[in-house]
Amino acid sequence: MMLEQKATITSHQKIAPRVFLMAFASPQMAAQASPGQFVHLKPSAPGPLLLRRPFSINRVEGKNIFIMYRVVGRGTSLISSLPKGTEIDVLGPLGNGFEISRKYQEHVLLAGGMGLAPMQFLAGRLKAMKLESRFFYGCSCKKELLPCPTPGKVIATDDGSCGHKGFVTDAFLSRIDKFKKPVVYACGPWPMLRRTALICRQHHIDCQVSLEAFMACGVGACQGCVVKGVKEYVTVCRQGPVFDSREIDWEQESGL
Amino acid sequence: MKDIRTKNVDVSVEIAGIKMRNPVLAASGTFGYGTEYLPLVSPALFGAVITKTITLLPRAGNKPPRIYETPGGMLNSIGLANVGAKKFLAEKLPELLSRHPVVIVNIAGNTMEEYVELAGLLKGRPGISGIELNISCPNVRQGGVAFGSDPVQAARLTALVKKAIDQPLIVKLSPNVADIAAIARAVEQAGADAISLINTLYGMAVDIEKQKPVLGNVTGGLSGPAVKPVALYNVFKAGRAVKIPVIGLGGIMNSADAVEFLLAGAAAVQIGTASFVNPGTVKEIVNGLKDYCLKKGYSKVSQITGKLAL
């Protein structure tokens, strides 16, 4: 159930160039949140920002909800400057998260760049459910690698400076025949998601993708955050942000 | 602590024969079909909920991105995406009515004939307290603001729709016109029972890295606090030109903003962008209006309307 709450930032730190990890306290949201869902937040005090900004939930620890984000514009820049102890206004948890089913034997996670953000939460949930998972994480180079506590990942970098040389999708593809009754969960830049969706289609693997978009309301009222589905436009905030990859029209250009 | 004397302030209003529990309405396109914000915000908290624009046939809307924040405002180019009249009447309206709000349906069409046919479908429908005529959408190629920028066309369409319905008709006007008073007078003479303004202002934003427009539709409509002075000006000008009630909107974020519009001549206000930022804005504004009345010695919120000293 959607809540709107004033929450206090309990920790906020820079973990990589332009990348921040924030935690805020909300026992109710923490109890309800599921992997793939997001929170829509703004500073409580009036300021130059107008709209809220959506962030996928990175993980939940006790009463704390974590978000991990890269500073990409005015909103994230302002939010990154909020110190521990600041009160923020949070709407959440919003959207549909990943659907976890025991009908699969191996749960394969693909994260590209900042797409790592929701995957840590998912990996934790799968582990808690004692489900077998494989984690592939890729980024452009070693210095862009984000700290991620999930052990046993396969790492890929575009320039080969760490782990597998090439895209995360290549690393995944090279092992694809080894998976037993797999399902794929992916989050990352549009070209990576498109490639993942195509590979999964060719290999008849079910695939769920987490998308992002500029948003206003976050609840499906304004129709502002749509992407093209195979039949019609779909709202990332309400019908997503996690979709079955077969529901999305991968020919479109990403708006971001 | 809440001043208990605010209980004695009557915030109800009657506009064009539509009785509303308060003068704060949900602006079309910003509150969906009225139930999206549940359980957080009930549609019954508003004086009336104005639905997303409904068209005769479903509309997919414009190419994304459709939303972008600009200083003090937001651009949108939704393009009247909606489920169409049939699905609206069969599914969305009953769902909304189950929450017991006052419902006003906003309508648009590509041609005058489409507007009239749609209006005919809404005539006599239980639960539809009024119709808001959208002749001011900046994001569609046909219809929309094309009918709203010419007094003759606006009047003709108003008269045709008025004849096709049995509910009060509110005509929603665009600020993207040379003479707002002329349009307001034209639709009043054609039979409008009230006017609402402003719809969004034409606007755009450019991505300098990609050297492309930010919005998929290239241009959009600007809303939010940035447009409030423009909205107030238009409400003031239009209000002085007509005798029918004026509903003011454009960048209202709090009760002080709402009071400004009421003083400038509005009988009620609509909130839109504010609901995205703070879904509970409606409650804050209604409470703030009560406090203002108490401070000024008014027993009814309607006493604020037009009190502007010149």
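Biologist: Why is A:Gly166 called buried?

Modeller: This is a predicted model, and in it A:Gly166 has a relative accessible area of 13%. Buried means under 20%. The value falls under that cut-off, so A:Gly166 counts as buried.

Biologist: Where is A:Gly166, and what does it touch?

Modeller: A:Gly166 sits in the loop between strand E11 (164-165) and helix H4 (168-174) of chain A. Leaving out residues up to four places away in sequence, A:Gly166 touches A:Ala156, A:Thr157 and A:Asp158. A:Leu49 is 117 residues from A:Gly166 in sequence, and the two C-alpha atoms are 38 Å apart in space.

Biologist: What makes A:Glu144 partly exposed?

Modeller: A:Glu144 has 21% relative accessibility. Buried means under 20% and exposed means over 50%, so A:Glu144 belongs in between. The side chain of A:Glu144 meets that of A:Arg70 in a salt bridge (3.1 Å, N to O). This pair links distant parts of the chain, 74 residues apart.

Biologist: Why is A:Asp206 called partly exposed?

Modeller: The value for A:Asp206 is 22%. A:Asp206 has a salt bridge with A:Arg246, at 3.2 Å from N to O. A:Arg246 lies in the segment after strand E16 (242-244) of chain A and A:Asp206 in strand E13 (residues 206-210) of chain A, so the bridge ties together parts 40 residues apart in sequence.

Biologist: Which residues do salt bridges with shared partners join into one network?

Modeller: They are A:Glu4, A:Lys6, A:Arg52 and A:Asp89. Over all chains there are 16 salt bridges.

Biologist: How many salt bridges cross the interface of chain B and chain A?

Modeller: The rule finds 2. One of them joins A:Arg53 and B:Glu69, 2.8 Å from N to O. The cut-off is 4 Å, so this pair passes. At the interface, 37 residues of chain B contact 30 residues of chain A. The buried area is about 2500 Å², with 64% from carbon and sulfur atoms. In chain B, the residues that lose the most area to chain A are B:Ile67, B:Glu69 and B:Val277.

Biologist: What makes E5(B) and E6(B) a pair of strands?

Modeller: Pairing needs at least two bridges, and E5(B) and E6(B) have 4, so they pair. Their sense is antiparallel. B:Thr70 stands opposite B:Gly73 in E6(B). E6 also runs antiparallel to strand E14 (residues 220-223) of chain B, joined by 3 bridges. There B:Leu75 faces B:Leu222, and B:Asn76 faces B:Gly221. The open sheet has 4 strands in the order E5-E6-E14-E11 (chain B).

Biologist: Why are strand E5 and strand E11 of chain B called edge strands?

Modeller: Each pairs on one side only.

Biologist: What makes helix H7 of chain B largely enclosed?

Modeller: Of its 9 residues, 7 are buried, so the rest of the structure largely encloses helix H7 (residues 255-263). Among the buried ones are B:Ala258, B:Val259 and B:Phe261. The cover includes helix H6 (228-241) and helix H9 (281-296) of chain B.

Key: Residues are numbered from 1 along each chain as its sequence is written. Chains are lettered from A and ligands numbered from 1 in the order in which they are written. This is a predicted model: local features need pLDDT of at least 70, side-chain atom pairs count only at pLDDT 80 or more; totals for chains, interfaces and linings use all residues. Side-chain values use heavy atoms; hydrogens and water are left out. Contact means heavy atoms within 4.5 Å. Buried area is the accessible area (1.4 Å probe) that two parts lose on being put together, summed over both. Buried means under 20% relative accessible area, exposed over 50%, partly exposed in between (1.4 Å probe, protein chains only).
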